[in-house]
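Trainee: I would like to check how the labels in this model follow from their cut-offs. Can we take them one at a time?

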Amino acid sequence: FDPEHKKVCQDMKQPLSHYFINSSHNTYLIEDQFRGPSDITGYIRALKMGCRSVELDVWDGPDNEPVIYTGHTMTSQIVFRSVIDIINKYAFFASEYPLILCLENHCSIKQQKVMVQHMKKILGDKLHTQSPNIEESYLPSPESLKGKILIKA
């Protein structure tokens, strides 16, 4: 490993799609993916290690509060709002470059609206909400998206 690469050493002004992105699948699982516990520490660990894309499998939960877990398994559930709180706290701990939230959405329209409310309220200005420029043929660069959280669903 070249120690020079501990810091970003690439040109970060190219379109986002031109880069490999350090990502995490089933970020919320800390053990077995069929019956293990789900925990927010999975998100903390991934973000502290520099992941720039984390997964949230979101399902309808009780009391109109979406939950995160692997559906149709025995994994435990985490309240969506708690995960968004942790992401807000640690999103830019290891890197100022954009963070992508990969929402695997299994929620009803009613609970999707709750998800949006939580993300807007908790993430605030960090949430990238600007519409793409239809005259540009590429995505924005990581450099231009510093400090922003992108939603992929």
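Mentor: Start with Arg81 and Glu65, whose side chains meet in a salt bridge at 3.1 Å, N to O. The model is predicted, so local features need pLDDT of at least 70 and side-chain atom pairs pLDDT 80 or more, while totals for chains, interfaces and linings use all residues. Residues are numbered from 1 along each chain as its sequence is written, and side-chain values use heavy atoms, with hydrogens and water left out.

Trainee: Why is the contact of Arg81 and Glu65 called a salt bridge?

Mentor: A salt bridge needs a side-chain nitrogen of Lys or Arg within 4 Å of a carboxyl oxygen of Asp or Glu. The N to O distance here is 3.1 Å, so the pair meets the definition. Arg81 lies in helix H2 and Glu65 in the loop between E2 and E3, so the pair ties together parts that are 16 residues apart in sequence. Helices (H or I, at least four residues) and strands (E, at least two) are DSSP runs, numbered from the N terminus.

Trainee: What makes Arg81 partly exposed?

Mentor: Its relative accessibility is 35%. Buried means under 20% relative accessible area, exposed over 50%, and partly exposed in between (1.4 Å probe, protein chains only), so 35% falls in the middle class.

Trainee: What joins Glu96, Glu143 and Lys146 into one network?

Mentor: Salt bridges that share partners. Glu96 meets Lys146 at 3.2 Å, and Glu143 meets Lys146 at 3.1 Å. The whole structure has three salt bridges.

Trainee: Why is the pair of Tyr90 and Phe93 called tilted?

Mentor: Rings of Phe, Tyr and Trp (its six-membered ring) pair if their centres lie within 6.5 Å; planes under 30 degrees apart count as stacked, over 60 as edge-to-face and the rest as tilted. For Tyr90 and Phe93 the centres are 6.1 Å apart and the planes at 55°, so the pair is tilted.

Trainee: Are Tyr90 and Phe93 buried or exposed?

Mentor: Tyr90 has 14% relative accessibility and counts as buried, whereas Phe93 has 52% and counts as exposed.

Trainee: How do you know that the buried residues of H2 lie on the same side?

Mentor: In H2 (residues 80-90), Phe80, Val83, Ile84, Ile86, Ile87 and Tyr90 are buried. They cover an arc of only 160° around the axis, which puts them on the same side of H2. The arc is taken over the directions from the helix axis to the C-beta atoms.
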